[in-house]
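I opened the notebook to go through one chain, its fold and its ligand shell, and to write down what I looked up.

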Amino acid sequence: MDVIQLLPDNIANQIAAGEVIQRPASALKELLENAVDAGATRIKVFITDAGKNTLQVIDNGKGMSETDARMAFERHATSKIRKIDDLFHVRTMGFRGEALASIAAVAQVEIKTKRAEDELGTFIEIENSVVKKQEPCVCENGTNICMKNLFFNVPARRNFLKSNASETKHIIEEFIRVAMAFPSIFFSLHNNGQEVFHLEAGTLKQRVVQILGNNVNQHLVNVKEETDYMNIYGFIGKPEASRKTRGEQYFFVNNRFIRSAYLNHAVSSAFAELLPKENFPLYTLFIELDPAQVDINVHPTKQEIKFEDEKIIYAFVQAAVKHALAQASIAPSIDFSL
Ligand code: ADP
Ligand code: MG
């Protein structure tokens, strides 16, 4: 007897969702990135119960047509790439076409979306990958998406969620990472009706100070180097602003927050003995390079990436930080050549 069967779509989506959506914060990251990709200039987030109960993102981006609004929830449905080669040129945050399908497989979702050229928008209610309601609606230009009762249909995963305090911490972390990368966008975050972040659009330095606090302002040292291969810009904190924890270390590659112990080390090693023992430098650094030089598709959340030539990046980051420290007269002047 043959025993193999294809899984129904909603089960396949629930399984796939496990890779992308682990907690409310992962859904927030995906929804924020969609808003950024849609060209929004204002993005507002509302959460209740640490995002377990509701997590809503409202943007004033380009919105979707009625057909696209429905298509957006299909698995592998994306407007961002067309062929595999596009992966190595992609400038958008998303491209896998999995986020909305995953979220709709493990939560109840309501979306209102409208393009500027349309008179009416589209309202869709979807749950367990099944559309419950779809109708025209009156709404603002842009997209208003609300995720409710995450993992209501996967109790085992719902049980794995941590306390509200802990999940809220993750939410704020993801919120900050996206807000830091896009200082020209207004962001706000409301937690149980209370506004906890209100970040007016401005420069990167203003955004860093809005997020890390006024007291870091006096400790920020500008980093900026440009070569044909790559650019780096951003800020490092003077040694006295270093901390006992790694909390305030942000690396972005082409505006995408990444985790890299290797690049962390490049920065710390540039500080060398300037840094008190067991302290970590504060930094927000942006690397820009040809997307063909990085593979962002090695991990579903895209927080780990692969560089074509990791050693060059390491040397460049280290040299740029040393140079910045020297220019701020924090280290003895050094010969800066790559
Ligand atoms: P991806 O972002 O990888 O393309 P998603 O599942 O996150 O996949 O979204 C699917 C598609 O839905 C996107 O490619 C985009 O065309 C559309 N979309 C999603 N969110 C928004 C939004 N906030 N505004 C406009 N379009 C959106
Ligand atoms: Mg997306």
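The entries below go from the domains to the sheet, then to the ligand shell and to some single residues.

**Conventions.** I am working with a predicted model, in which local features need pLDDT of at least 70 and side-chain atom pairs count only at pLDDT 80 or more, while totals for chains, interfaces and linings use all residues. Residues are numbered from 1 along each chain as its sequence is written, and chains are lettered from A and ligands numbered from 1 in the order in which they are written.

**Domains.** I looked up the domain assignment, whose bounds come from an automatic or database source, and it gives domain 1 as 9-199 and domain 2 as 205-327. Taken over C-alpha atoms, the centres of the two domains are separated by 28 Å. For the contact between them (two residues touch if their C-beta atoms, placed from the backbone, lie within 7 Å), I noted 16 residues from domain 1 and 15 residues from domain 2. On the domain 1 side, the elements that give two or more residues are helix H1 (9-20) and helix H6 (164-181), where helices are DSSP runs of H or I with at least four residues and strands are runs of E with at least two, numbered from the N terminus. H6 gives the most to this side, with 5 residues. By class, the side of domain 1 that touches domain 2 has 11 nonpolar, 2 polar and 3 charged residues; here Ala, Val, Leu, Ile, Met, Phe, Trp, Tyr, Cys and Pro count as nonpolar, Asp, Glu, Lys and Arg as charged, and the others, Gly among them, as polar.

**The sheet.** I then traced the open sheet, in which 8 strands follow the order S5-S4-S3-S6-S2-S1-S7-S8 with mixed pairing; strands pair if DSSP finds at least two bridges between them. Strand S5 (130-137) and strand S8 (194-199) stand at the edges with a single partner strand each, so one side of each has no neighbour in the sheet. On average, and with direction ignored, neighbouring strands are turned by 10° against each other.

Strand S2 (residues 54-59) and strand S6 (residues 142-148) run antiparallel over 6 bridges, and Val57 stands opposite Ile145 in S6. S1 pairs with strand S7 (residues 186-191) in the parallel sense over 6 bridges, with Ile43 opposite Phe187 in S7. S7 and S8 are antiparallel and joined by 5 bridges, and the bridge partner of His190 is Glu195 in S8. The hairpin of S7 and S8 has 2 residues between the strands, and Asn192 in this hairpin takes a positive phi near 45°.

**Helix H4.** I checked how far H4 is covered, and found 8 of its 8 residues buried, a residue being buried if 20 or more other C-beta atoms lie within 10 Å of its own, exposed if 12 or fewer, and partly exposed in between, with C-beta atoms placed from the backbone. The buried residues include Leu100, Ile103 and Val106. They pack against H1, H2, strand S3 (108-114), strand S4 (121-127) and S6.

**Ligand 1.** How many residues surround ligand 1? I noted 23, of which the closest are Asn34, Ala38, Ala72, Thr78 and Gly94, a residue being near a molecule if its C-beta atom, placed from the backbone, lies within 6 Å of it. Helix H2 (24-37) and helix H4 (99-106) each supply at least two residues of this shell. By class, the shell has 9 nonpolar, 8 polar and 6 charged residues.

**Single residues.** His76, with phi near 60°, lies in the loop between helix H3 (66-71) and H4; His76 is exposed, because 9 other C-beta atoms lie within 10 Å. Is Lys302 buried or exposed? Lys302 has phi near 65° and lies in the loop between strand S14 (294-295) and strand S15 (306-307), and Lys302 is buried, with 20 other C-beta atoms within 10 Å. Last, I looked at Gln194 in strand S8, which counts as exposed with 7 C-beta neighbours inside 10 Å.

How values were computed:
Axes are lines fitted to C-alpha atoms, for helices over the stretch in contact, and angles run from 0 to 180 degrees between N-to-C directions.
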